[in-house]
Amino acid sequence: MSSSSCDETENDAENVGDKSFSNSDKKVDIPAEFFEYHGNVHGKKARFYKCLFEGCKTKVKKDGTLKYLIVKNDSRYNAKRHYLAHDPGGKLGHKDKWRSAIAKNSNKENLDVISRGP
Ligand SMILES: [Zn+2]
């Protein structure tokens with residue numbers, strides 16, 4: 001009697017469909033109390049923002065223009081990361097401030113865009 005080793009490799013294709021790609025030009029809201037809008041990034045679906053955090057210095061490029069934070073239109077990740085970086089120890093409560101600002105914004109958003117007739 002031979003004990004055959006079970007060599008079956010389970011080929012479960014993990015369908016992690018977590019990529020909700022945006023098919024529209026929807027722009028996420030960046031809380032105005034933290035970042036100041038400074039126009040679109042040329043040729044990209046992104047926008048320039050200036051951090052309003054006290055003590056945060058906007059970098060200056062070699063040609064003398066300010067180097068703003070670039071935030072993608074469909075993701076506020078960069079802004080959030082930058083904002084949270086000002087509170088590395090979590091003492092200032094940036095995480096909560098950011099979250100409530102986003103919640104406030106999205107509530108407003110939903111109210112604004114209720115009916116858009118064809
Ligand atoms: Zn900053």
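Colleague: Before we start, what makes two strands count as paired?

Modeller: Two strands pair if DSSP finds at least two bridges between them. Keep in mind that we're looking at a predicted model. Here E2 (residues 46-51) and E5 pair over 4 bridges, and their sense is antiparallel.

Colleague: Which elements each supply at least two residues of the largest nonpolar core?

Modeller: That core has 8 residues, including Leu 69, Val 71, Ala 79 and Tyr 83. Leu 69 also touches Ala 79, along with Tyr 49, Cys 51, Asn 78 and His 82, leaving aside residues up to four places away in sequence. The elements supplying at least two core residues each are E5 and helix H1 (77-85).

Colleague: Is Gly 55 buried or exposed, and why?

Modeller: Gly 55 lies in the loop between E2 and strand E3 (59-60). From C-alpha to C-alpha, His 86 is 9.5 Å away from Gly 55, though they're 31 residues apart in sequence. Because Gly 55 has 6 C-beta neighbours inside 10 Å, and 12 or fewer is the cut-off, it counts as exposed.

Colleague: Which element has the highest mean pLDDT?

Modeller: The protein chain averages 81, with 69% of its residues at 70 or more. Over residues 12-22 the pLDDT is below 50. Among the elements, helix H2 (residues 94-112) has the lowest mean, 83, while the highest, 97, belongs to H1.

Terms used: Residues numbered from 1 in each chain as written. Predicted model: local features only at pLDDT ≥ 70, side-chain atom pairs only at ≥ 80, totals over all residues. Buried ≥ 20, exposed ≤ 12 C-beta atoms within 10 Å, placed from the backbone. Core = buried A, V, L, I, M, F, W, Y, C linked by C-beta atoms within 7 Å. Contact = placed C-beta atoms within 7 Å. pLDDT = per-residue confidence, 0-100.
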